[in-house]
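Welcome! Let's take a friendly walk through this structure, with the picture beside the text as we go.

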Amino acid sequence: MDIISKISEELEVKNSQVQAAVDLLDEGCTVPFIARYRKEKTGALNDEQLRKLFERLQYLRNLEEKKQTVISSIEEQEKMTPELRAEIEAAETMVVLEDLYRPYRPKRRTRATIAKEAGLEPLANIILLQNTDKDMATEASAYIDEEKGIKSVEDAIQGASDIIAEQISDSAEYRTWIREKTFKAGTIKSVAKDPEAKSVYENYYDFEEPISKMTGYRTLAVNRGEKEKFLTVKIEVPELLIVNYLEKQLISKDVIRGIGKGSDELLIDAVPTAKLAATEFSIPWTAQVIANAAIDSYERLIAPSIERELRNELTENAEDGAIEVFGKNLTQLLMQPPIAGQTVLGWDPAFRTGCKLAVVDPTGKVLDTAVIYPTAPTNEKKIADAKAVLKRFIKKYGITLISCGNGTASRESEQIIVELLHEIPEQVSYVITNEAGASVYSASQLATEEFPEFDVGQRSAASIARRVQDPLAELVKIDPKSIGVGQYQHDMNQKKLGEALGGVVETAVNKVGVDLNTASAPLLEYVSGISKAIAKNIVTYREENGTFKDRSELLKVPKLGAKAYEQCAGFLRIIGGKNPLDATAVHPESYDATQKILDKLEIRLGKTGVTSAEMDLAAQAMGRDPVTKLKSMSKQDMKKLAAEVGVGELTLNDIINELLRPGRDPREDMPKPILRSDVLEMKDLEVGMVLKGTVRNVIDFGAFVDIGVHQDGLVHISQLKKGKFVKHPLEVVSVGDIVEVKIISVDMEKGRIGLSMIL
């Protein structure tokens, strides 16, 4: 197989782009580095395309390796033919390859192998050829051998039938046809094991859906219901159609033409082996034995195997879809804009054990902690004491924002916060923060190292505060699977999920860039080219030698060699260092070219990059904004400039954009969190009310929106956009979006809120 051409066709890009990307990956380059700094080579393939390319490259290389193993195995058996070799080499999936290899794969002892050991393979071949003039008893009696366990004609026929059934099952052609027919015409059916049992799977207690139309979230729901023993799940197929197909393939055409049965009947009905010897045949006895073997082969060997394969395929496709949605949600969450420059009070709500508080300054340093008891079981004194602590903290530390986790007791905590805000003169807002994974982090070794003097509650409160100050820097400390913006994530292949989400975090971190002098080791681990060991070494070097003054100083860090430096340097920022370009996304390899561009623009770099005053002076000298002038140049002129400074046009554009907005944080373009000063309860909601909310999670059938009450509301996919079919909610909304929604239903008993974005 030409892997490059195959991937090129799938991604709908040029062969040269794929080849360049593969070469770079094989050289040890990372996806973020290739996407950002090797655009000329790959034709500007983005992170998503490169990750898909890498995934397919691994799959297809594994497939080619498996083909060689299969070919070697068959050659060792001296059963290879030119036709079989061609089929194996043309296989494009592991499933097809496994089908081709099935007849030659070493098998455990089966009914067929036992029959072959008893010498019944020649009889099976005679039956399959269908050209004997002898009757069944005469033909089969020659194979009776009591020492080998063949005591009668019936035993001989049964053994031969077992051999034929296995041969039918091993046929790649038959399996491919049956698999496709089962997928197109089969249905998934689930029924309740106990119809009276209450569960979240009640929608699937009597459920049936064509396999070809089975959605991912339904597949995962049915799988979980089956795993938790609420459901019995099976695939139902048009068995008659499949068995008739096998009979037509195996039995003589003259016999088939002479039968003339309707399409709703079996061409040849099954006759139990024990009765075959006593049966008077209206058709050749060999045809009857083959028909029996075909029915047995399908029911005993093929159908269970195809059902497993199809259910596995449905599950894998559902997982891939869910992982993609999880990844996009996680991207949006990681890319939430930081609320910078504020002293934040982190609030980890609870009932009996009290609410844990942590005051965090604008740099993320924890200034103070406390535990208060304003939630049930409580009394007026406990509430008054809690408010006194809060008022003291606000006054002492200049708190401007309270970040309250959305877990247990958050509704009761929010009520106390709002009461407090009405009682104090200071201007303080609050925000409800998704605390998914905070408890995982607070009990981790990392949190213990970071806050050795705190208990898990205090660590969690600090994390909840920092999540609004810099969501990305805080969330990278938590296993992405624990952040809670997916669906059925615990039911998936955890290795595949972990790798995919790790890639999402890596992309987000490198897109934003990392402050080399403040970044924690967990954040540095996600930077292109930096391993866990190197991340720790960077932090250790910083602690022992002080802040980095120059990117090139990274080469002094143990284990960080030239290749790692090439991969990571452009993503690490040094603010106020020796070279102002170190504060930008311009890679050191392009510094000379950048200086030439600056000379042409007549711009002098200040300590923190190009200042607005310098841009104004350059604009006056050139008549208008020099960057705008460059961008309005003809394609030919841009080519000329790129050649003059020694870079490609795409790199030239990136450098110019970076100079225009040095140190720009791409998160600035994302929707800002809604800061609140009052509280709503479900009882306050009325149908028709229009509110602003924040999208908390996007799933296959809709989006959950936080509208300021304890329970998120659901915007069903049908309520996302007026007059337009929406294939997936991600076409319309993303996690973190601020949206206007209308209340369309409120179910107080079930705690459900129905929302619509069709206003």
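Let's start with Glu92, which is partly exposed, because its relative accessible area is 40%, a value between the 20% and 50% cut-offs. Please keep in mind throughout that this is a predicted model.

**Salt bridges**

What does the side chain of Glu92 meet in a salt bridge? The partner is Lys6, with 2.9 Å from N to O. Glu92 sits in the loop between helix 6 (82-90) and helix 7 (94-101), while Lys6 belongs to helix 1 (residues 3-11), so this pair ties together parts that are 86 residues apart in sequence. Lys6 has a relative accessibility of 16% and therefore counts as buried.

How many salt bridges does the structure hold? There are 42. Another of them joins the side chains of Asp654 and Arg36, at 3.0 Å from N to O. This pair links distant parts of the chain, since Asp654 lies in helix 32 (residues 649-660) and Arg36 in helix 3 (residues 31-37), 618 residues apart. Asp654 counts as buried, because its relative accessibility is 15%. Arg36 is partly exposed, with a relative accessible area of 22%.

A further salt bridge connects Glu309 with Arg102, whose closest N and O atoms are 3.8 Å apart. Glu309 is found in helix 17 (residues 285-334) and Arg102 in the loop between helix 7 and helix 8 (111-117), so the two tie together parts that are 207 residues apart in sequence. Glu309 is partly exposed, at a relative accessible area of 21%, and Arg102 is also partly exposed, at 23%. Both belong to a network of salt bridges that links Asp99, Arg102, Arg175, Arg179 and Glu309.

| Salt bridge | N to O distance |
|---|---|
| Glu92 and Lys6 | 2.9 Å |
| Asp654 and Arg36 | 3.0 Å |
| Glu309 and Arg102 | 3.8 Å |

**A pocket and its lining**

Next, look at the second largest pocket, which holds about 1,600 Å³ of space. Which residues lie nearest its centre? They are Ala473, Thr518, Ala519, Ser520 and Leu523, out of a lining of 47 residues. Several elements each supply at least two residues of the lining, including helix 22 (456-469), helix 23 (471-475), strand 9 (514-515), helix 25 (521-524) and helix 26 (532-545).

Helix 26 is also where Glu543 lies. Is Glu543 buried or exposed? Its relative accessibility is 64%, so Glu543 counts as exposed. Between Glu543 and Asn517 there are 9.8 Å in space, C-alpha to C-alpha, and the two are 26 residues apart in sequence.

Five of them close into a barrel in the order 11-12-13-15-14, with mixed pairing. On average, neighbouring strands of this sheet are turned by 50° against each other, direction ignored. Strand 14 (residues 738-747) pairs with strand 15 (residues 752-756) in the antiparallel sense, over five bridges. To pick out one spot in this pairing, find Val746, which stands opposite Ile753 in strand 15.

Definitions and conventions:
Residues numbered from 1 in each chain as written. Predicted model: local features only at pLDDT ≥ 70, side-chain atom pairs only at ≥ 80, totals over all residues. Heavy atoms only, no water. 1 Å grid on protein atoms, 1.4 Å probe; cavity = no way out; pocket = protein on both sides within 12 Å on 5 of 7 lines; lining within 4 Å. Points joined across faces, edges and corners; volume = space filled by probe spheres on them. Helix = DSSP H or I, 4+ residues; strand = E, 2+ residues; numbered from the N terminus. Pairing = 2+ DSSP bridges. Axes fitted to C-alpha atoms, helices over the stretch in contact; angles between N-to-C directions. Buried < 20%, exposed > 50% of the residue type's maximum accessible area, 1.4 Å probe, protein only. Salt bridge = Lys/Arg side-chain N within 4 Å of Asp/Glu carboxyl O.
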